[in-house]
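I set down what I looked up, in order.

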Amino acid sequence: MTVRIDRDGEIAVVTVDNPPVNALGQVLRQALWDVVGALDRDACVRAVVLICAGRTFIAGADVTEFGSPPLPPHLPELVDRIEAAAKPWVAAIHGSALGGGFEVAMGCRFRVALESASVGLPEVTLGIVPGASGTVRTPRLAGVEAAVELVTSGRPVKAGKALALGLVDAVVSGNLRAEAVTFARAALTRPLPPPVSARPVTAPGADWWDIQRQAIAGRARGELAPLRALDCLRVAAERPFAEAVAHERATFLDLRASDQAAALRHLFFAERAAARPAHLAGIEPRPLRKAAVIGGGTMGAGIAAALREAGRPVVLIERDAEAAERGLGNLRAIFDGAVRRGRLTAAQAQERMDGVTAGIDDSRLADADLVIEAVFEDLAVKREVFARLARACRADAILATNTSYLDPRQIAEGLPEPGRFIGLHFFSPAHVMKLLEIVPIPATSAETLATGFALARSLGKIPVQAGICEGFIGNRILKRYRAEAEALVRRGTPIAAVDAAMRRYGFAMGPFEAQDLGGLDIAFVQREAARAAGKDVPETLGDILVRAGRKGQKTGGGWYDYAPGDRTPQPSEATAALLAGRIAPGPALTDDAIAARLTGAMADEGKALLAEGIARKSSDIDLVEVHGYGFPRWRGGPMFAAG
Ligand code: 3H9
């Protein structure tokens, strides 16, 4: 049953029950359509409370329907019908009222929200604009400024803020249904406010819109929906309601059929599928209460911060007291940064720090359920760490390495109970980056693997399982991408032209700028180690630069030159001179051709990873690139983009 009606005296309570998230599929739209008519005809009913069963209020349109033509009743008409109902409707919101869910709530005469609830219009994150009057009713409810922020960012707001903005009428705690019924009863004693569609809206001047457009275009980097949403909001502020709704609907239908929306839907479902892989269905993860991190450098501190964010007490182990202090300092710097950016209060930052103990004494590891090693990338050093962990930890504690390039099988060699060993490859900064590559060794138990995924979920990360090869999924593709970029330069494409083309494609930075920022020496050291171990690693252009002392921004130059204190890349004569002998003139390439070459190379490497069984699914590769390497989200990832 998708919708049921029961009564509390003269108040009808309509409960939507459409698991998992009460999405507005055709069946639910039809059921609500019929309910409005039935309650209008029922003389005993004076007001209606609309509430949802399960974990959330209506979370939006049913995204699975977006691949096919829309079926009636259409949502805009349903929202109008609720607004025009003979009795006032009160939306009772718990969980999230998102997209079409919030549009339905705006069709109601009142909105009451639990204090833990949020409301929002996340459509732009799916490459579309709200399609059932979200851009038209929101400015009438909360003003143009709030509407522009809500719609063009796609970020939901918590109930308290929603109340302050006028998006909801009351915030309650305790029993939502009872509170909403009480609210409805009280509302009947007063004159009703006008329906949202009939409320006035104050339109800002042209200059204001220009400023918004510039700011949004700067952030969007080729993404269409936020700017199209801004256009809708402007029409909504300047034109009559019906005209604005028609404009919004046309924009919605246009974008719904776009490549960008298809790409973003692909990621929407890939992200959700990644968290709960089918091959681990039914395998219970181990409970992880207490965690430890070995190594308090940038990576270790970032991992510890992520664990603290998820509420776990953390033990940080370093090799001496001074390093332990430095580790704590790194952690404090992370939380202080969060306070500066307004993400945490000073008290919350202190609470995060209070949950960390740092030291050198392995006996602190005795009750840890999970230990993550994040020490220097050196096989001997890591092996020694795991030998210590084998002595200090419980036999059932999960032991993880954060290696990015070493072979985890070699790290685990000789470890007793190797079923508990796993690779957990975080990306720097580990408390920010969403990607977690999960790398089991042949001995890793299914339970340990499932626990890795459960950990990722609890940290809000996107987990992707990777097999063992040099660089796993992400760094192996990165290597191929860089090699292809160098190949273009060798054939005469200017370094700056490659970077500009990739920025135009949607990356924040091109491959050479990114190397200058991160340091060319990191990959150089790995290549040198492989050469020392007898592997045949051809010389790269990057090697020539590093040997000449050009390691990137930190040395004042790499692929580019940098003026002191300025991060703007300047074409470098020194680089040109160093590489001159390796560059042959070639055909001039367009931006599109450059991007096609580089993203095509990524997709080819992805196909090889699939063929070798290193990656399990093509969508996993897309997730790795989008969440770990800055691939533009609205392109869907290299595999999706390659078709
Ligand atoms: C829209 O509304 C357009 C309108 O303006 C105009 C229309 C005309 N549809 O995220 P979870 C599935 S656009 C279909 O893990 P949580 C999801 O795939 C829409 N399915 O749960 C997963 O399935 P499975 C605007 C959906 O508790 C399951 O539900 N709305 C939808 O962590 C659980 O999902 C949004 O963009 C959907 N809309 O978080 C809201 N949503 O179990 C998107 C979820 O098979 N949803 N599923 O893997 C969310 O943000 C989160 O699901 C929510 C709950 C916060 C609600």
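I looked up Ala59 and found one of its polar backbone atoms 2.8 Å from a nitrogen atom of the ligand. I counted as a polar contact a pair of N or O atoms within 3.5 Å; within protein, one must be able to donate a hydrogen and the other to accept it, and residues adjacent in sequence count only if both atoms are side-chain atoms. For Ala61, I noted a polar backbone atom 2.8 Å from an oxygen atom of the ligand. For Gly100, I noted a backbone N or O atom 2.8 Å from an oxygen atom of the ligand. The protein buries 73% of the 1100 Å² that the ligand exposes when taken alone (accessible areas by the Shrake-Rupley method with a 1.4 Å probe).

I record the basis here: this is a predicted model, in which local features need pLDDT of at least 70 and side-chain atom pairs count only at pLDDT 80 or more, while totals for chains, interfaces and linings use all residues. Residues are numbered from 1 along each chain as its sequence is written, and side-chain values use heavy atoms, with hydrogens and water left out.

I listed 26 residues around the ligand, of which Arg55, Gly100, Glu103, Glu123 and Arg272 come nearest (near: a heavy atom within 4 Å). By class, I recorded 15 nonpolar, 5 polar and 6 charged residues in this shell; Ala, Val, Leu, Ile, Met, Phe, Trp, Tyr, Cys and Pro count as nonpolar, Asp, Glu, Lys and Arg as charged, and the others, Gly among them, as polar. Strand S5 (96-98) and helices H3 (100-107), H10 (241-256) and H11 (259-275) each supply at least two shell residues (DSSP runs, helices H or I of at least four residues, strands E of at least two, numbered from the N terminus). H11 gives the largest share, 3 residues.

A cavity is a set of points on a 1 Å grid over the protein atoms alone where a 1.4 Å probe fits but cannot get out, and lining residues have an atom within 4 Å of a point; grid points are joined across faces, edges and corners, and the volume is the space filled by probe spheres set on them. I found Leu288, Ile422 and Thr448 among the lining residues. H17 gives the most to the lining, with 4 residues.

Note on methods: 1 Å grid on protein atoms, 1.4 Å probe; cavity = no way out; pocket = protein on both sides within 12 Å on 5 of 7 lines; lining within 4 Å.
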